[in-house]
Amino acid sequence: MTVTVQPTGITPADVLAVARGGVKVVLDPATVEAMATSRSIVDGIEAAGRPVYGVSTGFGALANTFVAPERRAELQHALIRSHAAGVGAPMPREVVRAMMLLRVRSLALGHSGVRPLVAEALVDLLNHEVTPWVPEHGSLGASGDLAPLAHCALVLLGEGWVLGPDGGRMPAVDALRRAGLAPVELAAKEGLALINGTDGMLGMLLLAIDDAAHLFTMADVTAALAIEAMLGSERPFLPELHAIRPHPGQSVSAANIHRLLQDSAVMDSHRDDLAHAVQDAYSMRCAPQVAGAARDTLDFVRTTAARELVSVVDNPVVLPDGRVESTGNFHGAPLGFAADFLAIAAAEVGAIAERRVDRLLDVTRSRDLPAFLSPDAGVNSGLMIAQYTAAGIVAENRRLAAPASVDSLPTSGMQEDHVSMGWAATKKLRTVLDNLTSLLAVELLAAVRGLQLRAPLAPSPAGRAAIAALGEAAGEPGPDVFLAPLMEAARAVLAGRDLRTAIEQEVGTLG
């Protein structure tokens, strides 16, 4: 399989395939032609000697400083070196690969004025699995992700660092030599075209969208299992009750939960019991309202990312009529706002899951389950401290849900006097989603324990699949065990796709 970069761009699936699947990249011939046409316009400006930002002038607050023709290549190299000023731990390989592919996409749209060989050099890095070392701190989402993209571009020059096979860093020149690649000499405009844009934050947002889509479906699964284990009612999830409040995500989540609660001897055991609770707690009854709102938020974010994927975010841009115009399209506000919104939604999906865990463990509210889901509570603590861990993660997610996109700081001598913080917003969104994975894993483990303790009543098909998926790691309820490995096993099951596949084979495709 290969991903072909067209002059019209790429798809979210393309980004995931290259970032996470290591798929090879090729440039469509029409892409090469579009870039060559755009470059000819820049060459014409060079020949005419006109002052144009980024071609014959300095950058940022130095935009009015004219640069002589014989120093313009030097200008582009100096730009990359000075802007590769990040610090901190390296960004994950998948983020850097997504960012590089998206920069190829940006150049391929034919509005950047670079020679095709520049895009081809980035493709070579991807295809030879040469991944630049990109520090986590440096981008304000001002002229896009300047510092992270500069760290990528520096490798093209044979400078800077790359991620080694062991995750450590090694000199780029050594990595290029091993891959049989040569450094690139930049021409006018090309350094700026390599670093101006939203590729880093868009890459992280696309990865987060994929993760969130899976997690929001699994949130319905763990909610249903917890409700089943607590002898909750299925009636709040009837379709007619959600048709009268027609939020699309709510209806999908409710349908998922209702379907997952069918064919269960545990549910059958109390369906006609008049003494049973008339109303379940909000964390049970309102699960679709929270997870559904998160789904609707995700749809908004997905739409925003799709628009950005077809956007020209370089500056200045080369127009087909020969004009080179400065824009503000590099500003990351659309992505920063979207990431902050999704972080809020994801944090709440985790918060309501933790409340269900707490109910499962509380002997006064779990409807006859033993305290902390231990058959011998007192000597044993069961899952007591797993809930502590979940509570701590919820608290962290609440802190991370505070928006980054409202926290602008001026830079570049007040030329760049409002920035988006989109890089920070998308980076912390990924942390929130990683935390959500752990929270749902705790709920999965607690729900499985609860269903095991309802024996001999047979659980739903989803419950049986969950018990089987945790398998040997979970064992049977009994004396306390070293809990951290069991929680890690639950997290791996939750993050993977096998449990969802097994459940869908029994109940049909989940929304």
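Modeller: One convention is needed before we start: angles run from 0 to 180 degrees between N-to-C directions, and axes are lines fitted to C-alpha atoms, for helices over the stretch in contact. Note also that this is a predicted model.

Colleague: At what angle do helix H16 and helix H17 pack?

Modeller: Helix H16 covers residues 384–400 and helix H17 covers residues 422–453, with their axes 10 Å apart. Angles over 145 degrees count as roughly antiparallel, and H16 and H17 are therefore roughly antiparallel to each other. H16 passes H17 in a left-handed crossing. The packing angle is about 160°.

Colleague: Which residues of H17 make the contact, and how many nonpolar residues does the contact have?

Modeller: On the H16 side, the contact is made by Ala386, Ala390, Ile393, Val394, Glu396, Asn397 and Leu400. H17 contributes Lys428, Thr431, Val432, Asn435, Leu436, Ser438, Leu439 and Val442. By class, the contact of H16 with H17 has two charged residues, four polar ones and, as the nonpolar count, nine.

Colleague: How far apart are the axes of helix H15 and H16 where they come together?

Modeller: Helix H15 spans residues 333–361, and its axis crosses that of H16 at roughly 160°. H15 and H16 are therefore roughly antiparallel to each other, and the crossing is left-handed. Their axes come within 9 Å.

Colleague: How many charged residues does the contact of H15 with H16 have?

Modeller: From H15, the residues that meet H16 are Ala347, Gly350, Ala351, Glu354, Arg355, Val357, Asp358 and Leu361. They face Met384, Gln387, Ala390, Ala391, Val394, Asn397 and Arg398 in H16. By class there are eight nonpolar and three polar residues, and the charged ones number four.

Colleague: Is Ala401 buried or exposed?

Modeller: Ala401 lies in the loop between H16 and H17. Beyond its neighbours within four places in sequence, Ala401 is in contact with Ala343, Ile344, Ala347 and Lys428. Ala343 is 58 residues away in sequence, yet the C-alpha atoms of Ala401 and Ala343 are 5.5 Å apart. The relative accessibility of Ala401 is 12%, and buried means under 20%, so Ala401 counts as buried.

Colleague: What distance separates the end C-alpha atoms of helix H4?

Modeller: H4 has 16 residues (93–108), and at 1.5 Å a residue they should span 22 Å. Of these residues, 15 are buried, so H4 is largely enclosed by the rest of the structure.

Colleague: What is the phi of Glu129?

Modeller: Glu129 is in the loop between helix H5 (116–127) and strand S4 (135–137). At 54% relative accessibility, Glu129 counts as exposed. Its phi is positive although the residue is not a glycine, with a value near 55°.

Conventions:
Residues are numbered from 1 along each chain as its sequence is written. This is a predicted model: local features need pLDDT of at least 70, side-chain atom pairs count only at pLDDT 80 or more; totals for chains, interfaces and linings use all residues. Side-chain values use heavy atoms; hydrogens and water are left out. Helices (H or I, at least four residues) and strands (E, at least two) are DSSP runs, numbered from the N terminus. Angles under 35 degrees count as roughly parallel, over 145 as roughly antiparallel, 65 to 115 as roughly perpendicular and the rest as oblique. A crossing is left-handed if the near helix is turned anticlockwise from the far one by less than a right angle, and right-handed if clockwise. Contact means heavy atoms within 4.5 Å. Ala, Val, Leu, Ile, Met, Phe, Trp, Tyr, Cys and Pro count as nonpolar, Asp, Glu, Lys and Arg as charged, and the others, Gly among them, as polar. The expected span of a helix is 1.5 Å times one less than its number of residues. Buried means under 20% relative accessible area, exposed over 50%, partly exposed in between (1.4 Å probe, protein chains only).
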